[in-house]
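The following exercises concern a single protein chain. Each sets a task and then works through the solution step by step.

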Amino acid sequence: MPPKRLSAAEYATGIRAGSRTVLGRAITLVESTLPTDHALAQEVLQAVLPHTGRSLRVGITGVPGVGKSTFIEALGRYLVETKGLKLAVLAVDPSSQRGGGSILGDKTRMPWLSAQPAAFIRPSPAGSSLGGVARATREALLLCEAAGHDVIIVETVGVGQSETTVHGMVDFFLLLMLAGAGDELQGVKRGIMEMADALCITKADHGNEQAARRARLDYQSALHLFPAAPSGQVVPVLLTSAVDGMGIGAVWEVIETYAAATRTSGYFERRRQQQQLQWLHQSIAQALESRFYADAAVRERLPAVQAAVAAGQLTPFAAAEELLGL
């Protein structure tokens, strides 16, 4: 038997009571593409909205192989065990561009956190979202806040397509780097580095200590060439080892110090307000696109217009103008 369909009030009550089951079902609801689910999801979000905004939102990114999940497991353990905080991790997995499938393996890579009542891990497929950030990640973040999580970590796919997306939904953006990884992605690194609130050299252990220290000096020198951060804060470069916990506490101290300083200066609240407006504009664009493709006249005319564009008989701009004029 499928579980009983909950009302918006029942979802809100369960989320506020800290029910992991209801929270998981609510996130599944906001991830759904069914119109009926979308309407209910918006009711749920509106009901819990007064209880959101109190969590510290941390984005963590880095190229594949840098050890994001292992680092988050170590940081999460420190937050839960040492700091006594309640943690949520929204881990977005890559989706296949051919079949749409996703491994969703973050729970297996975070075994300790997965077993903790104070930690909630939600892997979700990135789908076709630019930069690997799932369509409903923002809504899931709000639901986790309403459930009383003190810290919410958003782990991105980290392939350098558009880290701007996750940067636009968090308070602190942490970039994980590898020492001695070469300069193949240097162009990508620069763009991401300019958005980072801190850099962290991972795997600074087991004979890699010297290379990590050298990389730290290199990145510190490079950061001096960048424009000043909008927050007014200095961007530190840290060394960590998730295996033995070295530097993990220092990372959290940097995050806490940054949050306190930006709250005092007013930047923290201004950034949150800017993000809210950004979400509004993106939501409008998504809604308009959805309504456009759902229009009966567009659906009827679209195949012929696409064929004409593919055959070189019609420019994409002219085709768009025609469809928009229907």
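A polar contact is a pair of N or O atoms within 3.5 Å; within protein, one atom must be able to donate a hydrogen and the other to accept it. The structure treated here is a predicted model.

**Exercise 1. The surroundings of Ser32**

Task: Determine where Ser32 lies, whether it is buried or exposed, and what its side chain contacts.

Solution. 
Step 1. Locate the residue: Ser32 belongs to the loop that links α2 (20–31) and α3 (35–48).
Step 2. Classify its accessibility. The threshold for a buried residue is under 20% relative accessible area. Ser32 has a relative accessibility of 16% and therefore counts as buried.
Step 3. Look for a polar partner. The side chains of Ser32 and Asp37 form a polar contact at 2.8 Å.
Step 4. Set aside the neighbours within four places in sequence. The residues in contact with Ser32 are then Asp37 and Arg135.

**Exercise 2. Strand β1 and its partners**

Task: Describe the burial of β1, the directions of its side chains, and the strands with which β1 pairs.

Solution. 
Step 1. Strand β1 spans residues 56–61, and six of its six residues are buried.
Step 2. Assign the directions in β1. Leu56, Val58 and Ile60 point one way, whereas Arg57, Gly59 and Thr61 point the other way; all are buried.
Step 3. Identify one pairing. Strand β4 (residues 151–155) pairs with β1 in the parallel sense over five bridges. Within β4, Val154 stands opposite Gly59.
Step 4. Identify another pairing. Strand β5 (residues 172–177) runs parallel to β1 and is joined to it by four bridges. Here Phe172 is the bridge partner of Val58.

**Exercise 3. The enclosed space**

Task: State how many cavities of 30 Å³ or more the structure holds, and describe the lining of the largest cavity.

Solution. 
Step 1. Give its volume. The largest cavity holds about 60 Å³ of space.
Step 2. Name the residues around its centre. Ten residues line the largest cavity, and the closest to its centre are Glu31, Leu90, Ser124, Thr137 and Ala140.
Step 3. Trace the lining to elements. Two or more lining residues come from each of α2, β2 (87–93), β3 (119–125) and α7 (137–146).
Step 4. Sort the lining by class. It consists of six nonpolar, two polar and two charged residues.

**Exercise 4. Backbone angles in a loop**

Task: For Lys203 and His206, state where each lies, what phi each adopts, and how accessible each is.

Solution. 
Step 1. Most residues other than glycine have a negative phi.
Step 2. Examine the angles. Lys203 has a positive phi, near 60°, and His206 has a positive phi, near 50°.
Step 3. Place the residues. Lys203 is in the loop between β6 (198–201) and α10 (209–223), and His206 is likewise found in the loop between β6 and α10.
Step 4. Classify accessibility. At 40% relative accessibility, Lys203 counts as partly exposed. The relative accessible area of His206 is 69%, so His206 is exposed.

How values were computed
Residues numbered from 1 in each chain as written. Predicted model: local features only at pLDDT ≥ 70, side-chain atom pairs only at ≥ 80, totals over all residues. Heavy atoms only, no water. Buried < 20%, exposed > 50% of the residue type's maximum accessible area, 1.4 Å probe, protein only. Pairing = 2+ DSSP bridges. Contact = heavy atoms within 4.5 Å. 1 Å grid on protein atoms, 1.4 Å probe; cavity = no way out; pocket = protein on both sides within 12 Å on 5 of 7 lines; lining within 4 Å. Points joined across faces, edges and corners; volume = space filled by probe spheres on them. Nonpolar A, V, L, I, M, F, W, Y, C, P; charged D, E, K, R; others polar.
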